[in-house]
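Welcome, and please take a moment with the sequence and the model below. We will walk through a few places together, one stop at a time.

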Amino acid sequence: MQSQLPLYPPEASNFAPHVDSLMVFITTISFLFASAITVAIVYFFFKFHRQQPNAVGVPIYGDMRLEYAWIIVPLILALGMFSWGAVVYVDYRHNPPDTLDIYLIGKQWMWKVQQPNGLKEINELHVPVGRNVRLTLASEDVIHDFFVPAFRVKMDVVPGHYNTMWFRPTKPGRYHFFCSQYCGTNHAIMGGWVTVMEPTDYAAWLSGSSGAEANPVAAGEKLFVERACVTCHVANGTGRAPSLNGVYGAQVLLADGTTVAADDAYIRESILEPNAKIVAGYQPLMPTFQGQLTEEQILALIAYIRSLESQPVPEKGAGIAPSARK
Amino acid sequence: MPRDHYLNASYGIRSWLLTTDHKRIALLYLISVTFFFFIGGIFATMIRIHLLTPAGALVTPETYNKLFTMHGVAMIFFFLIPSIPAVLGNFLIPPMIGAKDLAFPKINLLSWYIYIIGGCFVLYSFSTGGLDTGWTFYTPLSSIYSNSAVTPAVLGIFINGFSSILTGLNFIVTIHTMRAPGMTWFRLPLFAWAHYATSLVMILGTPVVAITLLLAGLERMFHLGFFNPAMGGDPILFQHLFWFYSHPAVYIMILPSMGVVSEIIPTFARKPIFGYHFIAASSIAIAVIGFLVWAHHMFVTGESTYAALAFSFLSYLVAIPSAVKVFNWTASLYKGSISWDAPMLYALGFIGLFTIGGLTGLFLACLGLDIHIHDTYFVIAHFHYIMVGGAVMGYVGGLHYWWPKITGKLYPEALSRFAAIVLFIGFNLTFFPQFILGYLGMPRRYHSYPPEFQVLNVLSTAGASVLALGYLLPMAYLTWSMRYGKVAGPNPWPATGLEWKTDSPPPAENFHVTPVVDWEPYDYRNRPDLGLVAGASLTPAHGDD
Amino acid sequence: MHRTGELYGQFQTLEQQKESATLGMWIFLVTEVLFFGGMFLTYTINRHEYFTAFGVGSNTLDIKLGTINTAVLILSSLTMAMAVWSAQVGKKALVTGFLIATLALGSVFLGIKVVEYKQKFDHHLVPGRNFDVWYHSEHPLPSDDPKEIAAEREELEKATSSQNPKYDPDVNSHAQLYFSLYFAMTGLHALHMIVGAGLLIWLIKVSLSARFTPQYNNPVEIVGLYWHFVDIVWIYLFPLLYLIDRHR
């Protein structure tokens, strides 16, 4: 806290300085305009105050040069604001490579967080300083919104599909996060704390906390067997469905000849709507799991599939596009 | 006072409830929108009291959520949208253009009844379980998860939409076909231009929100899946359809107010308005571009980056015509003969508050900044500056300006100036702190908040008490003046508009003889009938003419 | 406002009155376009998303009744146009006759619509807990064409067969979405027809007192505009709801 009455929240992410400079830029221009108009009005108000009850003003109907000036000058300034804002936004909406991936599930009225090693937190989020963090957001009921004022970022959590957001924490500390899309009775207490730690502390915290029993990879592996995924998705590529070894993050070749990146959204879609995108060389056999898995179970499956990233990819029986093989 | 006028043309409750006189219908609207303003105001007061302490001082979370929802529904759909058009527009557009009535007087009465029926549905919802979805009715919260009386509220707003559509239709036809001889398009008062633009938004936008809310209501009643992701529907589609109306709806609220200000300024500066054509054209530009910016409410829903870029760009474009208006109004004061009457104070207060409201819109249209301030108190402050600082300030100013025409009586001048100043100060005290709150990160619709936000919330609540006084004062003395005010005469200011050429209050048919217009709008030079001295414009004290 | 003859008090001339009424109706029709537009957009997006299920849902509709209704409605537009023409040239008896014909055709349309709705109820095609897109093909009524039922069955089997590249496991729930839109769109259209029928009854009453003349026939004309608009909406609804998947 800078003082008793701060004007802006702490700056704790890579976006914060950009957003704050944008704020200063637009505030300055706005202040200049507002004060120019105020000064003009107040000055005219007193200077041209009516002295005789039946006096009239000087008839002035307008001035084209002035009209053009006050159309064009604000337009240029507005375009400046637009462009600068667009640069920051485009940066925010494009996830950088090599992110630390954390999953968030919003439900009325709590946040469930899942760290990369499967450690679960409720209404708490621990992140290391200096690392690009990507959050994948899912909702189990209504629309929520994950908002960290100190990072100057927010993103809606929409039921039915994943949104992602990213940031790079720059300052260790503890910061509020809020739900900022109205979601029902306890919307206001659906918040918590982000803890930004030094990378070493974060690593120690991750390993020190016992996440083993809740490990999503293990949970996902269990589900993978229980739901009989394993009977078709055979690891050595001899099953009726492609092997999933190494598929996470790779390009997958589809039946229609296009390729798609096997990211979280793709895997989620493949579980819930298996026949939306068919891998080249395979039949649409897989049943849908729509309504049969919770968001958490889906995330566990994704975590498991992700854990197969480094497994050997079979020569035949994988969906990965030939050109994209590692 | 004239011997025969519309108020004493006939007597009895039937002569009011079955009237087709646009002036009487305007008064029916005046009473009903004031009623809803009162209800919405009570909710607002409770909200501000509740937020005095971080944990919430007054009510449970459920009740708080109902309070802000019902505040929004009552104020937006039942006060702000009908306020200026249905009261002042209804009363003034026919006399301003020299017509005896609107083109469809019976439809005008019908739209009031539709408003009342819609209002009854909404009041029924408020009194049986309330409404806790937010005025935006986002699905699936509103269609599935909410346990409050959503269905009657949605039906009420659906029904009320037709009132708005019919009013808009009536205005457009009237302005097209009912103008008096000599009243060309570019002799129309800017108030009429503003209402023409408003009516365009009403007829093009309202049907879309009506059908959207109907679909959401059907979804809730019959468990259908239009917007429910669990059944294959798309909640984001609801937001697109909703904002396609609800963003332009902001212009339904602010455009008429701009029209009011464009009338007041030339009258009290006693000179033609600066850049008449630009002000008229900017009203139409706002109405048209206003339809192309709706998705700027959705920058953080995960919408495509390209869509966001386009909508941000268009949002900046729509700011330009508003800025043009502000510059022209300011320039209109130059070398005027400015009086310090109450309507002028309201109009200048409007310019100040609207300027802040408009400029803070630039912050929200800015993509990079919106990811931080979206859905925070910054948004609350911004749209209250537009809707309350702008639209309501214009409405109250317009009521003062035309009060002598409507009632034939003058209001107490000193008290009204005092009220205008109280309103201006109270408003800024209430809402300016909320900009800072929003930037600090306080999300909207929070019944409790972290303690570090308390100082600004207390400041805001303190301001709200001043603001409440600012609204109660005019309500009291305007009512008082109906009985005890001084007789106004046909043209007390004097103003140049056609509505001032007839008696105050006007006769039932507005004019004893159909007027013929042979002067330009806001022209004080060729109007010997006004009794003003053309040459004596500036006193020797500042004789730099 | 007082009325002198056919001229309402707020107007100066009959011409002005006519111009206002016509413009008013056109503007009203613009609002109607946007009103239906919201639903057409919802339809389009969902049709794009659930291509197969919408096709399956469409094929359970009774195309014969739909086609008859389309013909009936086009014919009613013709009689309406004739009524307007008769009023303009002053054939007072013909006005009444054509208006009655229009009303009769409108009623036939609504009657057929009722039959269709009843079929949907009988066949568990009303969205809700008992919705079952399979039911119709498994329990054909005696009146059903066996060929159509067989085609429908095949279509359904294909939609849920995993060999199908457009395989849709949720065909039942997405077909519900189709029928939700079917009922909302045709229901709203039927509501407009009922309002139109009310307006026609009023016109018939006025025309029986022989008040429509070549100088004053505006009510017939603007109700005609409205009637044609309602027909045009159906001209869009018919292909979107009945025909989208018939080419197979």
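This is a predicted model: local features need pLDDT of at least 70, side-chain atom pairs count only at pLDDT 80 or more; totals for chains, interfaces and linings use all residues.

Where in chain C is the place of Ala210(C)? Ala210(C) sits in the loop that runs between helix 7 (171-208) and helix 8 (218-243) of chain C. For chain C, the average pLDDT is 88, and 95% of the residues score at least 70.

Back to Ala210(C): its phi is positive, about 55°, although Ala210(C) is not a glycine. Is this residue buried or exposed? Ala210(C) has 11 other C-beta atoms within 10 Å, and a residue counts as exposed if that number is 12 or fewer, so Ala210(C) is exposed.

Phe137(B) is another residue other than glycine with a positive phi, here near 55°. Phe137(B) belongs to the loop between helix 4 (105-127) and helix 5 of chain B. Its surroundings are another matter: Phe137(B) has 28 C-beta neighbours inside 10 Å, and 20 or more is the mark of a buried residue, so Phe137(B) counts as buried.

Next, let us look at how two helices of chain B pack. Two packed helices are described by the angle between their axes and the distance between the axes. For helix 3 (residues 61-97) and helix 13 (residues 377-407) of chain B, the angle is about 25° and the axes are 11 Å apart. Angles under 35 degrees count as roughly parallel, and helix 3 and helix 13 of chain B are therefore roughly parallel to each other. Their crossing is left-handed. Which residues make the contact? From helix 3 of chain B come Leu80(B), Ser83(B), Ile84(B), Leu88(B), Phe91(B) and Leu92(B). Helix 13 of chain B answers with Met387(B), Ala391(B), Gly394(B), Tyr395(B), Gly398(B), Trp402(B) and Ile406(B). Sorted by kind, the residues of this contact are 10 nonpolar, 3 polar and no charged.

Now step back to see how chain B meets chain A. Here 85 residues of chain B are in contact with 79 residues of chain A. Several elements of chain B give two or more residues to this side, among them helix 3, helix 8 (235-269), helix 11 (342-365) and helix 14 (413-440). The largest share, 15 residues, comes from helix 10 of chain B. The side of chain B that touches chain A divides into 53 nonpolar, 24 polar and 8 charged residues.

Moving into chain A, find Leu301(A) in helix 7 (residues 295-307) of that chain. Leu301(A) is buried, with 25 other C-beta atoms within 10 Å. Leaving aside residues up to four places away in sequence, Leu301(A) touches Gly220(A), Leu223(A), Phe224(A) and Ile271(A). Take Ile271(A): Leu301(A) and Ile271(A) are 30 residues apart in sequence, and their C-alpha atoms are 9.2 Å apart in space.

Our last stop is the backbone. In chain A, a cis peptide bond joins Gln108(A) and Trp109(A), with omega about -10°. Trp109(A) lies in the loop between strand 1 (100-107) and strand 2 (110-114) of chain A. In chain B, the peptide bond from Ser504(B) to Pro505(B) is also cis, with omega near -10°. Pro505(B) is in the segment after helix 15 (454-484) of chain B.

Definitions and conventions:
Residues are numbered from 1 along each chain as its sequence is written. Chains are lettered from A and ligands numbered from 1 in the order in which they are written. Axes are lines fitted to C-alpha atoms, for helices over the stretch in contact, and angles run from 0 to 180 degrees between N-to-C directions. Helices (H or I, at least four residues) and strands (E, at least two) are DSSP runs, numbered from the N terminus. Angles under 35 degrees count as roughly parallel, over 145 as roughly antiparallel, 65 to 115 as roughly perpendicular and the rest as oblique. A crossing is left-handed if the near helix is turned anticlockwise from the far one by less than a right angle, and right-handed if clockwise. Two residues are in contact if their C-beta atoms, placed from the backbone, lie within 7 Å. Ala, Val, Leu, Ile, Met, Phe, Trp, Tyr, Cys and Pro count as nonpolar, Asp, Glu, Lys and Arg as charged, and the others, Gly among them, as polar. pLDDT is the predictor's confidence in each residue, from 0 to 100.
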